[in-house]
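Dear colleague,

Please find the structure below, together with its sequence.

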Amino acid sequence: MSSVASVHSLWTVAAGAPGKIPGPHIEYAQLSPTLIVLGAAVIGVLIEAFVPRAARYYSQLLLSLVALAAAFAAVIGLAAAGFGSSKAHIAAMGAIAVDGPALFLQGTILLVSLIAVFTFAERRLDPAAHGKRVDSFAAEPAAVPGGAAEQAAVKAGFTTTEVFPILLFAVGGMLVFPAANDLLTLFVALEVFSLPLYILCALARRQRLLSQEAAVKYFLLGAFSSAFLLFGVALLYGYAGTVTYAGIAEVVSDGAKQIDPALAGTMGNDALLLIGGALVLMGLLFKVGAVPFHMWTPDVYQGAPTPVTGFMAAATKVAAFGALLRLLYVVLPGLRWDWRPVLWGVAILTMLGGAVVAITQTDIKRLLAYSSIAHAGFILAGVIATSEDGVSSVLFYLGAYSFVTLGAFAVVTLVRDAGGEATQLSKWAGLGRRSPLVAAVFAVFLLAFAGIPLTSGFAGKFAVFKAAAQSGAGWLVVVGVISSAIAAFFYIRVIVLMFFNEPKTDGPTVAVPSPLTTTAIAIGVTATLVLGLAPQYFLDLAGHAGVFVR
């Protein structure tokens, strides 16, 4: 009875002192890029509920473009106000970092997403169905593929405009992911951007079953990686008694100063630190697509609608590498001698594995998937540098790579036959004779992937390899150069196939896109050439943004 009375008295004391609970202090202006995007996503859901079907496409497209442009303007405003340098600090009660790397990566993600919206909105590539223009997404995603419900939806001219708010929710999660300053915020952001991507992967209009298979594979493997990450978070909390980055870093470097009685048995236990850090690292390397956590990449890239593949390949890499950098440079710099050798092995396997397996591919989307795996290895070389130059070179590479990737997948959507996109490499033979401009544009992107001078790919690779060499990782650079040479072989093989082979009589045609896709491809080509011919301004920009707030 006495215990019940004491619990009751505690309850009444707590209830009688409402003023004791401190209200959260949130810096809304500094979180405005994320808030704008998530607010627009919620409005997009309301549009789906209340706006007539005929008006939804234009409403959603306008809302998405305005929201992403406004969020990008907010990032520029924060950077101009000094939040990327002198005023960098931790906002939202320690949950979000507002600093140079966060703003640079958020700006890159928003630009990539803005261009991705153009490819999502394209409605001129497929022939009109029953007098209505159609896009890349299933008319009735919940219907059985090929069933009566789907046929009725196609006949009625339905389009899945929900893809725009789903895209915005994914972007909102991606904006938080590289800026997260505690492990719980990191996990929540991971789920917020992963779940919309699982849905988007399943929505292809053509090859519905392949698309749904890709989504299921991505979901199951993504759930595994999230579980690893969450288990790692629990172990790190047991080790440090806190989930904040600064708190964990302090315990790693100085040992446990103030022992929490509830965690006294585990705090400072190095086994928890090493296993927890490894599990969190595994979760992030899965999102990056590094070997041996890359198995989902080729299947998902091939099965997902191509606009989704382009968005995912570019934006997810930017967000995931941003989070990986912050974890290694802010939370675990005291463990550098433990994680560097592991990342050496992962980087070497990723560079060589991606480049060698890509040679055997016969599908253009799978080839670009293995290419993205190889590029993850090149970027890891910059992460391993553990210097300011390493951070800035990774930031520059991510910016350059994302525009090339988006442009390349936008071109893939144009080459079509009776079954939709013609992704078999053999069908691209003689494309340069049929459509010289499209083939030339794709060749520019392939040369950038290969790292040929005067393209953004060369400037990016030079920056990360230079940073790695200066930090003593010379052998890693040698492996990187060998991998680049192997990769150049299959990129140039595609160029030879397009320009020097005879076109087949039953070969694919090149669809004439609307101004939306044309703009996306034009921006990709322009960024590829500008970052290759005059990279210094952007390298300096990445250099100024290369310091994490702690």
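How much space lies in the largest pocket? In this predicted model, the space in that pocket amounts to about 690 Å³.

The lining of the largest pocket is made up of 25 residues. Those nearest the pocket centre are Phe-72, Phe-104, Thr-108, Phe-538 and Leu-541. Two or more lining residues come from each of the elements α3 (53–80), α4 (100–120), α15, α20 (515–533) and α21. The greatest contribution is that of α4, which supplies six residues. Sorted by class, the lining comprises 18 nonpolar and seven polar residues, and no charged ones.

Two of the elements that line the pocket, α15 and α21, also pack against each other. Two packed helices are described by the angle between their axes and the distance between the axes. For helix α15 (residues 388–412) and helix α21 (residues 536–544), the axes come within 8 Å and cross at roughly 130°. An angle of that size lies between the ranges for roughly perpendicular, 65 to 115, and roughly antiparallel, over 145, and α15 and α21 are therefore oblique to each other. Their crossing is right-handed.

On the α15 side, the contact is made by Ser-392, Leu-395 and Phe-396; on the α21 side, by Phe-538, Leu-539, Ala-542 and Gly-543. This contact has five nonpolar and two polar residues, with no charged residue.

With kind regards

Technical notes. Residues numbered from 1 in each chain as written. Predicted model: local features only at pLDDT ≥ 70, side-chain atom pairs only at ≥ 80, totals over all residues. Heavy atoms only, no water. Axes fitted to C-alpha atoms, helices over the stretch in contact; angles between N-to-C directions. Helix = DSSP H or I, 4+ residues; strand = E, 2+ residues; numbered from the N terminus. Parallel < 35°, antiparallel > 145°, perpendicular 65-115°, else oblique. Left-handed = near helix turned anticlockwise from the far one by under 90°. Contact = heavy atoms within 4.5 Å. Nonpolar A, V, L, I, M, F, W, Y, C, P; charged D, E, K, R; others polar. 1 Å grid on protein atoms, 1.4 Å probe; cavity = no way out; pocket = protein on both sides within 12 Å on 5 of 7 lines; lining within 4 Å. Points joined across faces, edges and corners; volume = space filled by probe spheres on them.
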